[in-house]
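Work through the exercises below with the sequence and the 3D structure open beside you. Try each task before you read its solution.

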There are 2 protein chains.
Amino acid sequence: MGQPYDRLRAAMREIGHARSVLALLGWDQETMMPRRGAPARAEQIAFMARLVHERLSHPALADRIAEAQADPDVLADSREQANVREFLRDHERAVRVPAALVEELARTSAQAVEVWRAARERSDFASFAPWLERLVELNRRRAECLGAPEGGELYDALLEEYEPGMRAREVESIFGSLREKLKALIASYARSGSPQHAALRARASIERQREFNRFVAERVGFDFAAGRFDVSTHPFTEGIAAGDTRITTRYTEEAVFEAMFSTLHEVGHALYEQGLPKAERPGEPLAQAASLGIHESQSRLWENQVGRSRAFWRWLWPHACERLAGALSAQDPEACYRAVNAVQPNLIRVESDETTYNLHIVMRFDLERALLRGELSVSDLPATWNARIREDLGLQVPDDRRGCLQDIHWSTGSIGYFPTYTLGNLYAAQLWQAAGRDLGDLDGAHARGEFFALLQWLRERVHLHGRRYTPVELLRRATGAALSPEPLLGYLEHKLQDAFAR
Amino acid sequence: MGQPYDRLRAAMREIGHARSVLALLGWDQETMMPRRGAPARAEQIAFMARLVHERLSHPALADRIAEAQADPDVLADSREQANVREFLRDHERAVRVPAALVEELARTSAQAVEVWRAARERSDFASFAPWLERLVELNRRRAECLGAPEGGELYDALLEEYEPGMRAREVESIFGSLREKLKALIASYARSGSPQHAALRARASIERQREFNRFVAERVGFDFAAGRFDVSTHPFTEGIAAGDTRITTRYTEEAVFEAMFSTLHEVGHALYEQGLPKAERPGEPLAQAASLGIHESQSRLWENQVGRSRAFWRWLWPHACERLAGALSAQDPEACYRAVNAVQPNLIRVESDETTYNLHIVMRFDLERALLRGELSVSDLPATWNARIREDLGLQVPDDRRGCLQDIHWSTGSIGYFPTYTLGNLYAAQLWQAAGRDLGDLDGAHARGEFFALLQWLRERVHLHGRRYTPVELLRRATGAALSPEPLLGYLEHKLQDAFAR
């Protein structure tokens, strides 16, 4: 590689090291750090975040990027061009938002999260409302600094952060048709099966569950020589660096299979992190996830398309019987399969079945977009939320704790994040359909506990490319088709019919 | 505080954050990191070490320090003067050694450690010799850059790194008289008792030992809300930041009390870290350890003066019986007391009893000083080592693996480090004598498991001062006396007589 590009890659690498450190500080805080280390940890994280921002927004970087763009080795290779393009994108976004606004958003949301926690506890929306107003206003200013993309709206400037190239208008169109058809599915299948996980009410000691979950994670493909598996209050995945990807889960003795689905979800994220070419390209965009939606597609695919399939439960059944001896209430794998696919509208997003879940997301997208546009005032949020839940799920919201105060996202100042969950589900279903077409009998392999072919397909089609393509372009290349709601709808319809209508 | 000093403290704080990150990276590497994360971790550590060095040697810092020295708030307070003085010291030492030399030392020792490991394995000194020659030469150059202190020798420039204010000539004088008297003690008491720990040959499961060691650590005073206790190949303590001090130990089922003494040792280090005023002065010299010798004095005091006392074993005995049920071979606490104090010359430093241990250190000091002065050539090291072991311990060294290849220190490029171990023992004995004088019946309190009075005394006399005084001045203020070999000799003589001569 020519000199100018080498110098730029060195800058990417150093920012990458600082980001790895940030990832470790965060992981340690949630899993290992002693309680009284919290104040100092906050300072360490702020210091490292400042360092990353300083390096990424450094005025000299623009010239270095321009020189690298003219480097013959870059000009000759479209991958390297993408690498430089994406780094320029990061630089420009870092430069556009003034440090004072970044800091104000960070400080306000740090306080707002605490206010939200207390407000949710007491189901007291009024105390949180002024904070949410402030956060919407700060996000509006941030979006204005970033600038709406050509032909787009302000919301797109925020969405770009999480889902490059995606536009609110496109999300609206896809989510709109999804919404109507999901409502119809729920009308047909709600309560048709046993309630979610009921046949699976299983108790087992934490130690036994731990071994069981490690077994599942390893069989699915998680590389323990390049990762760890720990416990935290909220499960998460942290891709710290090449050879170092860490997942967590949480256990309760009563809810064996909730922990297992959480593990499958995080393993899906981790397989993506382990598949990115970080050793070859430390800190480079081509070794980073394409988007939050693509990241979520990997977790959902393993959790849902694989983990809620009949084939998976046929494979898992004897292992579960052996390793959770006596803990299982279900009679056979078929009962498990039905239990984990039952449709049952639920007020709480994170407790919802696969179908209901997406209606929660579609609503949150509509509401946060309306808030940002000023079409919905914060004071009207609870009533609007409750009306929508009645309309979409047929449920009465008894209090804001189980309504618009249930999620942490808005209190952390994240607007534009929610749609990536359902985008992830859409991508997952479309990838699953294409993988099935390419690989043939996936169910047969999975019933034998052979998951490597699917992982290999995802590695080649998704993981290895990093940020080379936009999410939608990556999807088009992997599946041969444009983003569409049909694969997800088809997948859900087929499964519900298969499980409950024969 | 006035403006200039505030600005300087902000610089100290940021360097402190970067050092905390380095400490966490190191701790995680030894305890948590997956195997395949090692190459990226080395890069992260190098990046952060570079950052610390850049900040500490920054040319603008000299002016900022000078301004702070003239700040009225500093002029009015001798503590703040010491804080600035010590930071200036760090800055000057960082500036004096060229980055190229720092890097060459780091790279050479990283390779030399691997060569040493292989050489020790095969007891093949010849393969390590050229690396040791190179490391001695690089250390000589480093010492020349740092400059010998007034009236001192080149070795002092290195010793200053670990033991500020200490001079080789003073060490030589104290170690010289220590050596003769320790040899006499060994002649009187060797093999007089049962061999080290023999009466304590105890087996217990790792899980049971883990609980037992946590119990001991907590009762002695380790604050678990501000710390962790894990397992690593080599036990160590890492003071990461305010409220976050982490210790490790290692367990084997056969050697219950080796793990316990290792725990007491690390707890001693940790109590010092937990007692430094890090929350009030993050990153400031006054919240840092006075020296390696003072640090070691804290670990040795809890391991030896406390942990090898009759009173401690009277307290521990019923707890050990209960928590290690059935594992103990000793009949009573008196047998334990004698077992852990038996004198038995040993070829290996880390397996040596309290008395023999110091002869190992005195020898290493003499040898490394002679190497640096060019009075001893690397090729003559094994023969000189072996002759000295014969002379001091009356033992024949069968191979270099159990001779001059046994320790890692020289291969990591550390010269000037070894004497701090025996300085730590000297400080510990002197502090113990003074604490006993000030507090009265320490043995009575310890026999009841009450260790707080001693900890409180150490907090006030040692921990709270950070780097305000040189080690010897700190010791003088804490004990009212100059550094002397007598307290250590008196302590050893008294105990050996008490245990074995009545």
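This is a predicted model: local features need pLDDT of at least 70, side-chain atom pairs count only at pLDDT 80 or more; totals for chains, interfaces and linings use all residues.

Residues are numbered from 1 along each chain as its sequence is written, chains are lettered from A in the order in which they are written, and side-chain values use heavy atoms, with hydrogens and water left out.

**Exercise 1.** Describe helix H9 of chain B, its span and its surroundings.

Step 1. Helices here are DSSP runs (H or I, at least four residues), numbered from the N terminus, and H9(B) covers residues 168-189, which is 22 residues.

Step 2. From its first C-alpha to its last, H9(B) reaches 30 Å, close to the 32 Å expected at 1.5 Å a residue, where the expected span is 1.5 Å times one less than the number of residues.

Step 3. Several residues of the helix are buried, among them Val171(B), Phe175(B), Leu182(B) and Tyr189(B); buried means under 20% relative accessible area, with a 1.4 Å probe and protein chains only.

Step 4. The cover over the buried residues of H9(B) includes helix H8 (154-162) and helix H15 (354-373) of chain B, and after H9(B) comes Arg191(B), with a positive phi near 60°.

**Exercise 2.** Characterise the contact between chain A and chain B.

Step 1. Contact means heavy atoms within 4.5 Å, and 37 residues from chain A and 38 residues from chain B take part.

Step 2. About 2900 Å² is buried between the two chains, 61% of it from carbon and sulfur atoms; buried area is the accessible area (1.4 Å probe) that two parts lose on being put together, summed over both.

Step 3. The rule finds eight salt bridges across this interface, each being a side-chain nitrogen of Lys or Arg within 4 Å of a carboxyl oxygen of Asp or Glu. Asp244(A) forms a salt bridge with Arg41(B), and their closest N and O atoms are 3.5 Å apart.

**Exercise 3.** Is Ser109(A) buried or exposed, and which residues does Ser109(A) touch?

Step 1. Ser109(A) is placed in helix H6 (residues 99-122) of chain A.

Step 2. With a relative accessible area of 10%, Ser109(A) is buried.

Step 3. Not counting residues up to four places away in sequence, Ser109(A) touches Leu135(A), Ser411(A), Thr412(A) and Gly413(A).

Step 4. A polar atom of the Ser109(A) side chain lies 2.8 Å from the backbone oxygen of Leu105(A).

Conventions
Helices (H or I, at least four residues) and strands (E, at least two) are DSSP runs, numbered from the N terminus. Buried means under 20% relative accessible area, exposed over 50%, partly exposed in between (1.4 Å probe, protein chains only). A polar contact is a pair of N or O atoms within 3.5 Å; within protein, one must be able to donate a hydrogen and the other to accept it, and residues adjacent in sequence count only if both atoms are side-chain atoms.
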